[in-house]
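These are my notebook entries on one structure, written as I looked things up. I go from the helices to the sheet, and then to single residues.

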Amino acid sequence: MAEKELLENIEKALGEIRPYLLTDGGDISFVSVEDDIVNVKFHGACIGCTVNQMTLKNGVEATIKKYAPQIKKVEEVK
């Protein structure tokens, strides 16, 4: 997958998960992708949320991998 297509697919994935985060007063933004690892940043109520790591793995990472299967993992940048 070309870099431009990869970035578009990551943004599509974040667009799919974002409404759920916004409902709870949070948000997420793409920071970077390096060596098939995506870095994201949580905003609002997601910062310090007790379940944000579960959301990161079960929601964000799973959705990004659906759009970009070559991604190995998603990490939060603080």
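Predicted model: local features only at pLDDT ≥ 70, side-chain atom pairs only at ≥ 80, totals over all residues.

Entry 1, the two helices. I looked up how helix 1 (residues 3-23) and helix 2 (residues 52-67) lie against each other, and found that their axes come within 8 Å and cross at roughly 145°. Here an axis is a line fitted to C-alpha atoms, for helices over the stretch in contact, and angles run from 0 to 180 degrees between N-to-C directions. Helices (H or I, at least four residues) and strands (E, at least two) are DSSP runs, numbered from the N terminus. I noted the crossing of helix 1 and helix 2 as right-handed, a term that applies if the near helix is turned clockwise from the far one by less than a right angle, with left-handed for anticlockwise.

I then listed who makes the contact, meaning heavy atoms within 4.5 Å. Helix 1 contributes N9, I10, K12, A13, L14, E16, I17 and L21, while helix 2 contributes T55, G59, V60, T63, I64, K66 and Y67. Sorted by class, this contact has 8 nonpolar, 4 polar and 3 charged residues, where Ala, Val, Leu, Ile, Met, Phe, Trp, Tyr, Cys and Pro count as nonpolar, Asp, Glu, Lys and Arg as charged, and the others, Gly among them, as polar.

Residues are numbered from 1 along each chain as its sequence is written, and side-chain values use heavy atoms, with hydrogens and water left out.

I found 3 strands in an open sheet, in the order 1-2-3 and with mixed pairing; two strands pair if DSSP finds at least two bridges between them. Strand 1 and strand 3 (73-76) each have a single partner strand and stand at the edges, so one side of each is left without a neighbour in the sheet. On average, neighbouring strands of this sheet are turned by 30° against each other, direction ignored.

I followed the pairing of strand 1 with strand 2, which is antiparallel over 8 bridges. Among the bridge partners in strand 2, H43 is that of D27 and K41 is that of S29. Helix 1 packs on the sheet, touching strand 1 and strand 2, and its direction makes about 160° with that of strand 1. Helix 2 also packs on the sheet, where it touches strand 1, strand 2 and strand 3, its direction making about 140° with that of strand 3.

The hairpin of strand 1 and strand 2 has 2 residues between the strands. D35 lies in the loop between strand 1 (26-34) and strand 2 (37-44), and its phi is near 50°, a positive value in a residue other than glycine. D36 lies in the loop between strand 1 and strand 2 as well, with a positive phi near 60°. For accessibility I used buried for under 20% relative accessible area, exposed for over 50% and partly exposed in between (1.4 Å probe, protein chains only). On that scale D35 is exposed at 65%, whereas D36 is partly exposed at 29%.

N9 lies in helix 1 and counts as buried, at 10% relative accessibility. Leaving aside neighbours within four places in sequence, N9 is in contact with M1 and Y67. E61 is in helix 2 and is buried too, with a relative accessible area of 10%. Not counting residues up to four places away in sequence, E61 touches L56, K73 and V74. I also checked E61 against K4, 57 residues apart along the chain, and their C-alpha atoms are separated by 19 Å.

How many disulfides does the rule count? The count comes to 0 disulfides, a disulfide being a pair of cysteine sulfur atoms within 2.5 Å. C46 is in no disulfide, and the nearest cysteine sulfur, that of C49, is 6.5 Å away.
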